[in-house]
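Here is a briefing on one predicted model. Keep the sequence and the 3D view open while you read.

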Amino acid sequence: MSRSVSRSAAEDSRPTLADVAARAGVSASTASIAFSGQGPVSEATKKKVLDAATALGYVGPDPRAAGLRRGRSGIVGAVLASRIGVSFRDPVLIQTLDGLAEELSSLGAGLLLMSDSAESTSQVTVANAPVDAVVLLGCNIDPGHSLDVLTRRGIPMVAIEAEPTGESPVISVDNRGGTRMLAQHLRDLGHERVSLITLGLERPTEPRALTPECERESVLPARERMLGARDVFPGIGGWVAGSSRVDAGRRAARALLDVEAARRPTAIIAQSDLIAAGAIAAARDLGLEVPRDVSIVGFDGIRVDNLGMQLTTVRQPMNEKGAAAGRAVLELLDGRMPESTSFGVEFVAGETVSAPPGA
């Protein structure tokens, strides 16, 4: 979906948000937040960004950005599934936002962060934000309200790992195929008692047992990752972590592992690396050794601090997903309909799996 955009000499010399971020030594998404005032950026970081902007002569997004029609705001909204402060604890989301912000800022467009969470207290919403387009990041917005508002406003939408919204393009990865690879790896090692720990199946919630009732309302990407596991282990069950957090994974894993040995799973398929890190912590809490007593795999390919071992996982191209969404936005604003894009994932062999106990 890449395309070239012609720019005048004046536009080429105009500083961009990416230039400001580079001078301040922060990511493009952090620089965007510093300008928007909509997120967890310290005063020191905000001052660094604003000082860099002053030094470069950057005064904010250019509403005449290349590819944006005259009269547009030059701002693209990014709608997050959780509160902004919570969302920025997720390294997958941060890297995806970096790719999105860098792609947009290269043409002078700004990024405005908004939350789809019911707990959000921001006064900037999909109903009133002065945006030219919206990118949904892992959101499954209420079709009776938010989606209807965006549709009535005629706001073009791009979804990243979110449910399709009519004809809007969706940017995703091979969630099903990636999980299938992990599950098959466990099967090949001889595992039969395998459990899942999923992301939120509806919206982020407290950990709870994985039941047919909650599965019926399951959404992307949790649904596709669940299907990938069932391609190999058709009857697999488990727990819902509720969100991609270490503490949520730890609580869900304790529920699975704190049982008699004959009922305990010999392997856990966690739907994110942060959930997998929580599962490893839970195993250690219970005196179990990974992978001797229980094998654990994740999904994402991020760096997890203080794990003490290399996690077996699949790596997804997070920055590239964000950049693809940025290009799709520019095509929409240019009056074209970009195609949905699904990126492949890469298996990463680690130290957290082995044959099941007694094999």
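Residues are numbered from 1 along each chain as its sequence is written, and side-chain values use heavy atoms, with hydrogens and water left out. Helices (H or I, at least four residues) and strands (E, at least two) are DSSP runs, numbered from the N terminus.

**Sheet**

- Five strands form an open sheet with mixed pairing, in the order β7-β8-β6-β9-β10. Two strands pair if DSSP finds at least two bridges between them.
- The edge strands, β7 (208-209) and β10, each pair on one side only.
- β6 and β8 run parallel, paired over 4 bridges.
- Serine 195 has glycine 237 in β8 as its bridge partner.
- α8 packs on the sheet and touches β6, β9 and β10; its direction makes about 175° with that of β9. Axes are lines fitted to C-alpha atoms, for helices over the stretch in contact, and angles run from 0 to 180 degrees between N-to-C directions.
- α12 also packs on the sheet, touching β6, β9 and β10, and its direction makes about 160° with that of β10.

**Helix α12**

- α12 has 13 residues and spans 18 Å from its first C-alpha to its last, close to the 18 Å expected at 1.5 Å a residue. The expected span is 1.5 Å times one less than the number of residues.
- The helix is mostly covered, with 11 of its 13 residues buried. Buried means under 20% relative accessible area, exposed over 50%, and partly exposed in between (1.4 Å probe, protein chains only).
- Among the buried residues of α12 are Asp273, Leu274, Ile275 and Ile280.
- These buried residues pack against α6 (91-105), β6, α11, β9, β10 and β11 (313-315). Contact means heavy atoms within 4.5 Å.
- Glycine 287 follows α12 and has a positive phi, near 80°.

**Helix α11**

- α11 (residues 246-257) has 12 residues and reaches 16 Å from first to last C-alpha, close to the expected 16 Å.
- Ala248, Gly249, Ala252, Ala253, Leu256 and Leu257 are buried in α11.
- Seen down the axis of α11, these buried residues fall within an arc of 150°, so they line one face of the helix. The arc is that of the directions from the helix axis to the C-beta atoms.
- The buried residues of α11 pack against β6 (194-198), β8 (237-240), β9 (267-270) and α12 (273-285).

**Leucine 288**

- Leucine 288 sits in the loop between α12 and β10 (295-297).
- Leucine 288 counts as buried because its relative accessibility is 12%.
- Leucine 288 and leucine 257 lie 31 residues apart in sequence and 9.0 Å apart in space, C-alpha to C-alpha.
- Neighbours within four places in sequence aside, leucine 288 is in contact with Leu257, Arg264, Ala283 and Asp293.

**Nonpolar cores**

- The largest nonpolar core has 52 residues, and Leu186, Ile197, Ile269 and Ile296 have the most contacts inside it. Such a core is a set of buried Ala, Val, Leu, Ile, Met, Phe, Trp, Tyr and Cys residues joined through side-chain atoms within 4.5 Å.
- α12 gives this core its largest share, 8 residues.
- A second, separate core of 38 residues includes Val76, Ala109, Ile171 and Ala324.

Terms used:
This is a predicted model: local features need pLDDT of at least 70, side-chain atom pairs count only at pLDDT 80 or more; totals for chains, interfaces and linings use all residues.
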